[in-house]
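Trainee: I have a new model open. Please show me how to read it, feature by feature.

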Amino acid sequence: MIPAAFTLSPIEVSSLRLERGGKAVLTGFSLKVEPGEALVLLGPNGAGKTTLLRALGGLVRPLGGEIGLDPQSVAFLGHADALKPSETVEQALQFWAGLYGGDANQLEDVMVQMALAHLARRTCGTLSAGQKRRTALARIALSNRPVWLLDEPAAPLDARSRERLAALVKTQCQAGGVVIAATHVDLGWAGARVEDLRTAPTKTGAGVG
Ligand SMILES: Nc1ncnc2c1ncn2[C@@H]1O[C@H](COP(=O)(O)OP(=O)(O)OP(=O)(O)O)[C@@H](O)[C@H]1O
């Protein structure tokens with residue numbers, strides 16, 4: 001299923017300064033992401049990947065610089081899957097589809113794409129880590145938002161599930177959307193651009209460790 005084409009301007013980040021706990025995480029950091037691009041943020045623990053993603057999503061306030069991205073156009077997936085343990089997979093996704101304006105057909109398509117149909121009546125609290133992640137990713141796919149910000153989206157996923165995620169990302173990019181992911185693992189996203197925060201010329205490196 002290819003979503004309706006998005007109308008998205010390039011995402012432009014310039015001279016960004018981000019701090020956590022009073023310490024600089026990124027300084028003078030700039031980035032441009034074109035519609036249709038997938039961008040993978042690499043870097044060791046503490047490099048600032050999560051902080052950068054959260055700033056892009058409007059969840060962390062920069063201490064300097066500009067982020068040219070409307071938070072309303074963003075679907076954000078953090079480390080946590082944000083699922084209610086007592087809700088079934090179907091109930092959770094019906095809620096999100098309703099919130100984001102998705103219809104029953106889209107819900108069914110996304111459940112098939114993420115291999116969730118057989119889990120529809122299972123409560124989220126009983127799912128394995130990979131099954132929870134697939135459900136959380138289905139929420140993102142239902143968002144109909146042009147920009148996906150994904151923090152470690154594939155950590156608990158097996159090889160087949162990573163292929164399913166890669167297919168979702170490809171569809172999102174083909175529709176003119178953008179996907180930005182922070183990761184430690186090889187996501188296997190053909191054509192994705194890589195930004196290594198260890199080697200970014202303006203990275204402070206102060207927080208790594
Ligand atoms: N709430 C906080 N208070 C103080 N320091 C913080 C806070 N959150 C993050 N940091 C620090 O900011 C730096 C960047 O953290 P961040 O979570 O962005 O790194 P990361 O690259 O995503 O790391 P990981 O790969 O471990 O998830 C780290 O040194 C971290 O300890």
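Mentor: Start with pairing: two strands pair if DSSP finds at least two bridges between them. Helices (H or I, at least four residues) and strands (E, at least two) are DSSP runs, numbered from the N terminus. Here, the bridge partner of R17 in β4 is G64. This is a predicted model: local features need pLDDT of at least 70, side-chain atom pairs count only at pLDDT 80 or more, and totals for chains, interfaces and linings use all residues. Residues are numbered from 1 along each chain as its sequence is written.

Trainee: In which sense do β1 and β4 pair?

Mentor: Strand β4 spans residues 64-68, and its pairing with β1 is antiparallel, over four bridges. Strand β1 (residues 11-20) also pairs with strand β2 (residues 23-33), in the antiparallel sense over seven bridges.

Trainee: How many residues lie between β1 and β2?

Mentor: Two residues, and the strands form a hairpin. Look at G21 in the turn: its phi is positive, about 55°.

Trainee: Now the open sheet. What is its strand order?

Mentor: Read it as β5-β6-β7-β3-β8, five strands with parallel pairing. At the edges are β5 and β8 (193-196), each pairing on one side only. From one strand to the next, the twist averages 15°. Angles run from 0 to 180 degrees between N-to-C directions; axes are lines fitted to C-alpha atoms, for helices over the stretch in contact.

Trainee: How many bridges link β6 and β7?

Mentor: Five, in the parallel sense. L150, for instance, has A181 in β7 as its bridge partner. Helix α5 packs on the sheet and touches β3, β6 and β7. The direction of α5 makes about 140° with that of β7. Contact means that the C-beta atoms of two residues, placed from the backbone, lie within 7 Å.

Trainee: How do I read a helix such as α5?

Mentor: Check its span first. The expected span is 1.5 Å times one less than the number of residues. Helix α5 (residues 159-174) has 16 residues and reaches 23 Å from first C-alpha to last, close to the expected 22 Å.

Trainee: Which residues of α5 are buried?

Mentor: Count neighbours. A residue is buried if 20 or more other C-beta atoms lie within 10 Å of its own, exposed if 12 or fewer, and partly exposed in between; C-beta atoms are placed from the backbone. In α5, the buried residues are L165, L168, V169 and Q172. They sit on the same side of α5 because they cover an arc of only 95° around the axis. That arc is taken from the directions from the helix axis to the C-beta atoms. On the face turned away are the exposed residues A159, R160, E163, A167 and Q174.

Trainee: What covers the buried residues of α5?

Mentor: The cover includes β3 (38-42), α3 (104-113), α4 (129-142), β6 (147-151) and β7 (178-182). Just after α5, G176 takes a positive phi of about 90°.
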